[in-house]
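Good morning, colleagues. Please have the model open in your viewers, as I shall walk through several local features in turn.

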Amino acid sequence: MSTSAFKVLVIDDSNTIRRSAEIFLKQGGHEVMLAEDGFDALSKVNDYQPHLIFCDILMPRLDGYQTCAIIKRNARFANTPVVMLSSKDGVFDKARGRMVGSQDYLTKPFTKDQLLQTVQQFGSAANGQ
């Protein structure tokens, strides 16, 4: 077994979104770590070192843009892809997400296929390095 599991961190203050993301990702054969908000996520990013991060935009205390910006400022995680999660499919949100370094954008509620497709897209890029 030379290929280790693809590690995904899901940051969302909604328990429902976290649970469904966890179920979908595990069915896809991925390792999953969950965080409830930005502060929770920052300690977990360091310990868990995920290959991919899904980050909700609207969260209390530290929003998704701030969380993404902080993660990207850390040299160790500057190349870790971050996908923003939002219930709004807004052009402004997408642009703002790109400005703080996010690679992609997924509108909630997402389907299992959408989620796994996004992971696959970044997973194949990571394996190709």
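The structure holds 1 aromatic pair, where rings of Phe, Tyr and Trp (its six-membered ring) pair if their centres lie within 6.5 Å. Phenylalanine 24 and phenylalanine 110 form it, with 6.4 Å centre to centre and 70° between the planes, an edge-to-face arrangement; planes under 30 degrees apart count as stacked, over 60 as edge-to-face and the rest as tilted. This is a predicted model, in which local features need pLDDT of at least 70 and side-chain atom pairs count only at pLDDT 80 or more, while totals for chains, interfaces and linings use all residues. Residues are numbered from 1 along each chain as its sequence is written, and side-chain values use heavy atoms, with hydrogens and water left out.

What does the pair tie together? Phenylalanine 24 lies in helix H1 (residues 15-27) and phenylalanine 110 in the loop between strand S5 (104-107) and helix H5 (112-127), so the pair ties together parts that are 86 residues apart in sequence. Helices (H or I, at least four residues) and strands (E, at least two) are DSSP runs, numbered from the N terminus. Both phenylalanine 24 and phenylalanine 110 are buried, where buried means under 20% relative accessible area, exposed over 50%, and partly exposed in between (1.4 Å probe, protein chains only).

The loop between S5 and H5 also contains proline 109, which a cis peptide bond joins to lysine 108, with omega about -5°. Threonine 111 has its place in that loop too and, at 40% relative accessibility, counts as partly exposed.

I turn now to helix packing. The axes of helix H2 (residues 38-48) and helix H3 (residues 64-73) come within 10 Å and cross at roughly 20°; axes are lines fitted to C-alpha atoms, for helices over the stretch in contact, and angles run from 0 to 180 degrees between N-to-C directions. H2 and H3 are therefore roughly parallel to each other, given that angles under 35 degrees count as roughly parallel, over 145 as roughly antiparallel, 65 to 115 as roughly perpendicular and the rest as oblique. Gly38, Ala41, Leu42 and Val45 of H2 make the contact with Thr67, Ile70 and Ile71 of H3, contact meaning heavy atoms within 4.5 Å.
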